Amino acid sequence: MPKILYIQPIHPAGMEYLAAKPGYTVEVAPDTDKETLKKCIVDADAIITRLTVVDAELMGCARHLKAACKHGVGVDNIDTDYCKAHGIAVVTTGDANSSTVAEHAMLAIGALYKRIVWLDGRMRQGDWGARDRSGGQDLRGKTLGLVGYGRIGSCLAKMAGHGFDMDVLVYDPYASKEKVEAAGWTYCPDLDEMLPQVDVLSLHVPLTNSTRGIIGEKQLAEMKQGAMVVNFSRGGVVREDALANALKAGHIAGAALDVFEEEPPKADNPLFAMENVLLSPHCATFTEDSRRRMSMRLATELEALLK
């Protein structure tokens with residue numbers, strides 16, 4: 001009789017789907033304290049996490065764990081080496097949220113260029129004359145640089161290229177030049193070669209040893225004056241201190257961040273005080289539509305696995 005342990009509740013669609021299956025037990029941990037989770041996982045067949053770390057110590061307490069599942073795509077908070085060594089399947093939501101995150105990134109880019117949030121704030125203060133000072137720009141003809149051409153990056157490329165007539169450059173060592181060029185985009189084999197050409201840089205890569213800090217002081221300095229930076233992947237791929245300094249200096253004109261090096265970020269994070277930065281709490285994937293798809297994807301994947 002399979003027991004499915006959710007560290008935190010997610011959209012009820014998938015949870016109710018599994019709970020309705022004969023013999024299945026669906027349990028939500030009372031809290032995210034590690035000692036609590038150690039007790040709950042003992043008889044679990046599968047554990048589902050959002051951002052809580054699922055490491056070897058925790059999984060080692062399980063008697064017959066078969067799957068470690070991520071409500072999302074990036075598995076940097078799951079010890080995949082332990083899973084591989086112990087025959088535990090690692091399950092993610094796959095492409096269930098790809099278009100959702102790409103939409104969020106595209107809309108954030110548009111908001112930065114049109115200065116929508118700034119104009120809204122001025123309008124609410126009675127500053128009608130702000131319309132003459134916004135400095136807004138068009139997206140058409142601008143160049144989008146993508147770091148990462150996986151499910152989300154390729155989806156964003158279509159939105160930017162086909163929807164807004166932007167030029168799209170792609171840097172991704174794991175994507176073939178033929179695939180990128182067949183889609184109509186420009187393939188860049190070297191990140192340093194791409195950076196000076198882009199008006200807005202958008203990152204869509206997992207957090208690994210090779211991507212951690214991939215955008216730092218050196219890379220930001222290589223970008224053109226007035227470029228924008230968008231990070232909807234993982235906080236650790238962009239050095240926040242370097243980004244804050246580049247924004248203060250005016251070299252980088254704006255940024256949109258959904259992820260941070262420390263989550264939740266501290267209240268004194270300098271990015272919070274900048275009007276040219278759009279912030280969201282690691283929620284680009286959390287529309288009602290996407291949450292339902294993600295919840296059901298995990299449920300059906302688990303059902304097939306446990307059978």
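What follows is a chat about a predicted model, covering some of its helices, a few loop residues and its backbone geometry.

Biologist: Let's start with α5. How many of the 17 residues of α5 are buried?
Modeller: It's 12 of the 17, so α5 is largely enclosed by the rest of the structure.

Biologist: Which residues of α5 are buried?
Modeller: Going along the helix, they are Ser-98, Thr-100, Val-101, Ala-102, Ala-105, Met-106, Ala-108, Ile-109, Gly-110, Ala-111, Leu-112 and Tyr-113.

Biologist: And how far does α5 reach from its first C-alpha to its last?
Modeller: α5 reaches 24 Å, close to the 24 Å expected at 1.5 Å a residue. Just after α5 comes Arg-115, with a positive phi of about 55°.

Biologist: OK, α7 next. Which residues are buried in α7?
Modeller: Ile-152, Gly-153, Ser-154, Cys-155, Leu-156, Ala-157, Ala-160 and Gly-161. The elements they pack against are α5 (98-114), β6 (143-147), β7 (167-171) and β9.

Biologist: What should the 14 residues of α7 span, and how far apart are its end C-alpha atoms?
Modeller: At 1.5 Å a residue, helix α7 (residues 151-164) should span 20 Å, and its end C-alpha atoms sit 19 Å apart, which agrees.

Biologist: Speaking of peptide bonds, what is the one from Glu-263 to Pro-264?
Modeller: That one is cis, with omega near -5°. Pro-264 belongs to the loop between β11 (252-257) and β12 (277-279).

Biologist: Switching to α12. What does α12 pack against?
Modeller: Its buried residues pack against β1 (3-6), α1, β3 (46-49), β4 (67-70), β5 (89-91) and α5. Those buried residues are Ser-290, Met-294, Ser-295, Leu-298, Ala-299, Leu-302, Glu-303 and Leu-306.

Biologist: How do the axes of α1 and α12 cross?
Modeller: The axes of helix α1 (residues 12-19) and helix α12 (residues 288-306) cross at roughly 25° and come within 6 Å. That makes α1 roughly parallel to α12, since angles under 35 degrees count as roughly parallel.

Biologist: Which residues make the contact?
Modeller: From α1, Ala-13, Gly-14, Met-15, Tyr-17 and Leu-18; from α12, Arg-292, Ser-295, Met-296, Ala-299, Thr-300, Leu-302 and Glu-303. The residues of this contact of α1 with α12 divide into 7 nonpolar, 3 polar and 2 charged.

Biologist: Now the loop between β9 and α10. Where does His-204 stand there, buried or exposed?
Modeller: His-204 lies in that loop, and at 11% relative accessibility it counts as buried.

Biologist: What does the side chain of His-204 join up with in a polar contact?
Modeller: The side chain of Ser-202, at 2.7 Å. Leaving aside neighbours within four places in sequence, His-204 is in contact with a list of residues including Ala-105, Ile-152, Gly-153, Leu-156 and Phe-232. Among these, Ala-105 is one of the buried residues of α5, and Ile-152, Gly-153 and Leu-156 are buried residues of α7.

Biologist: And Thr-211, what does its side chain reach?
Modeller: The backbone nitrogen of Thr-208, at 2.8 Å. Thr-211 is in the loop between β9 (200-203) and α10 (217-222) as well, and it is buried, with a relative accessible area of 10%. Beyond neighbours within four places in sequence, Thr-211 is in contact with Val-205, Pro-206, Gly-236 and Val-237.

Biologist: Last one: where is Cys-83, and what does it touch?
Modeller: Cys-83 is in helix α4 (residues 80-85) and counts as buried at 1% relative accessibility. Not counting residues up to four places away in sequence, Cys-83 touches Met-59, Ala-68, Ile-78, Ile-88 and Val-90. Cys-83 and Ala-68 are 15 residues apart in sequence, with their C-alpha atoms 7.7 Å apart in space.

Methods:
Residues numbered from 1 in each chain as written. Predicted model: local features only at pLDDT ≥ 70, side-chain atom pairs only at ≥ 80, totals over all residues. Heavy atoms only, no water. Helix = DSSP H or I, 4+ residues; strand = E, 2+ residues; numbered from the N terminus. Buried < 20%, exposed > 50% of the residue type's maximum accessible area, 1.4 Å probe, protein only. Polar contact = N/O pair within 3.5 Å; in protein donor to acceptor, adjacent residues only side chain to side chain. Contact = heavy atoms within 4.5 Å. Expected span 1.5 Å × (residues − 1). Axes fitted to C-alpha atoms, helices over the stretch in contact; angles between N-to-C directions. Parallel < 35°, antiparallel > 145°, perpendicular 65-115°, else oblique. Nonpolar A, V, L, I, M, F, W, Y, C, P; charged D, E, K, R; others polar.
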